[in-house]
2 protein chains.
Amino acid sequence: MPRGRCRGQGWWHGKFRDCGYRLTLGREAILDVLSKSEGHLSAEDIYMKIHHRHPGVGLTTVYRTLDVLSSLGMVHKLDFGDGRSRYEFAEGPKGVHHHHHLVCTQCNKVIDYTDFIDDEVELLNQTEKGLGQKYKFKITNHLIQFYGVCEECGGRK
Amino acid sequence: MPRGRCRGQGWWHGKFRDCGYRLTLGREAILDVLSKSEGHLSAEDIYMKIHHRHPGVGLTTVYRTLDVLSSLGMVHKLDFGDGRSRYEFAEGPKGVHHHHHLVCTQCNKVIDYTDFIDDEVELLNQTEKGLGQKYKFKITNHLIQFYGVCEECGGRK
DNA sequence: CCATAAATGAAAATGATTTTCATTAACAAG
DNA sequence: CTTGTTAATGAAAATCATTTTCATTTATGG
């Protein structure tokens, strides 16, 4: 099925080159892991997942690449309070798979939820527009997280 | 004007003792700075502000106290992406002064906004309730931030 | 005033992220 | 396909915010 406009060894190629970046093996591997993983990976998680196939790619490169991806808006950098940054692939253009996070403050478990997302996104868009105008910001992104205590952690009262 | 139910050297006393914590000079000083400051202070900011009057209070204590306050819900720990945590006094019970943040991803400037807050808070409350039930979370807090490029940073195109 | 456990400071440890710098590799041009 | 330019890289060292250790101090109940 060679259908679809983003096939082959990465539709990233274009995006990268347009911004003056080179597409290297390491970067491709990182992008690959990110796009296929569910979770919220730390730099080291990514490093480990890649290390099998690409022992040559170092942790430093992972960090550097995540920085680039982050600044390109292809990846979201998240903080769930466990002392390390987590990275998540920024999904397709139309908010496909758009979700937010529910974080347990005791065990740091994170649940991705999509419930009520439509209302949230609508409000967000409005707010975004309003804030953008009022404060002359070019808004590119938002973050919503809920914090609480999950069932297990709450159990042991 | 000795009016109001939270006067004197801190209505914190009660909250602390109820949880088995002792109210010390250092803690009081930290709470004092936090409750009077506008901004989003880092641990070191707080340490410096206190150091004038209380040279005895060390940075370690600041960190430890912020941890306690955070777990008591009296302070919110925030991450604006500049590599250090920021702390903000959690205002009164009824959402007084409730606000969210608009963060410039280039210069890390943070704007507190209260626009649209009512709608946001209402949606948030509903979502909170819904999520809490569905995922069996006891939700205690939420975080909303918008990211973008501020006027100055965007100016130099 | 005393006893006890919490709180503290100073210094050392930790650990994620960044920087340095010499080397390698991507890619445009010929 | 070869080559030159310059971005990208790895390894090791450096940073730097935060945490831990441990001996000492202090708040608070009795």
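Trainee: Which residues are the closest to DNA strand D?

Mentor: In this predicted model, local features need pLDDT of at least 70 and side-chain atom pairs count only at pLDDT 80 or more, while totals for chains, interfaces and linings use all residues. Residues are numbered from 1 along each chain as its sequence is written, and chains are lettered from A and ligands numbered from 1 in the order in which they are written. DNA strand D is surrounded by 23 residues, where a residue is near a strand if its C-beta atom, placed from the backbone, lies within 6 Å of it. The closest are A:Thr24, A:Gly26, A:Gly58, A:Thr61 and B:Ser85.

Trainee: Which element gives the most residues to the surface near DNA strand D?

Mentor: Elements here are DSSP runs numbered from the N terminus, helices being H or I with at least four residues and strands E with at least two. Two or more residues each come from α2 (25-36) and α4 of chain A, together with α4 of chain B. The most, four residues, come from α4(A).

Trainee: Which element gives the most to the surface near DNA strand C?

Mentor: DNA strand C is surrounded by 25 residues, with A:Arg22, A:Ser85, B:Gly26, B:Gly58 and B:Thr61 the closest. At least two residues each are supplied by α4 (59-72) of chain A and by α2 (25-36) and α4 (59-72) of chain B. With four residues, the element that gives the most is α4(B).

Trainee: How many residues does β6(A) give to the side of chain A that touches chain B?

Mentor: Counting two residues as in contact if their C-beta atoms, placed from the backbone, lie within 7 Å, 32 residues of chain A are in contact with 32 residues of chain B. Elements giving two or more residues to this side of chain A are β5 (110-113), α5 (117-135), β6 (138-149) and α6 (151-155). The largest share comes from β6(A), namely twelve residues.

Trainee: How many bridges join β6(A) to β6(B)?

Mentor: Two strands pair if DSSP finds at least two bridges between them. Here β6(A) and β6(B) (residues 138-149) run antiparallel, and A:Val149 stands opposite B:Lys138. The number of bridges joining these strands is eleven.
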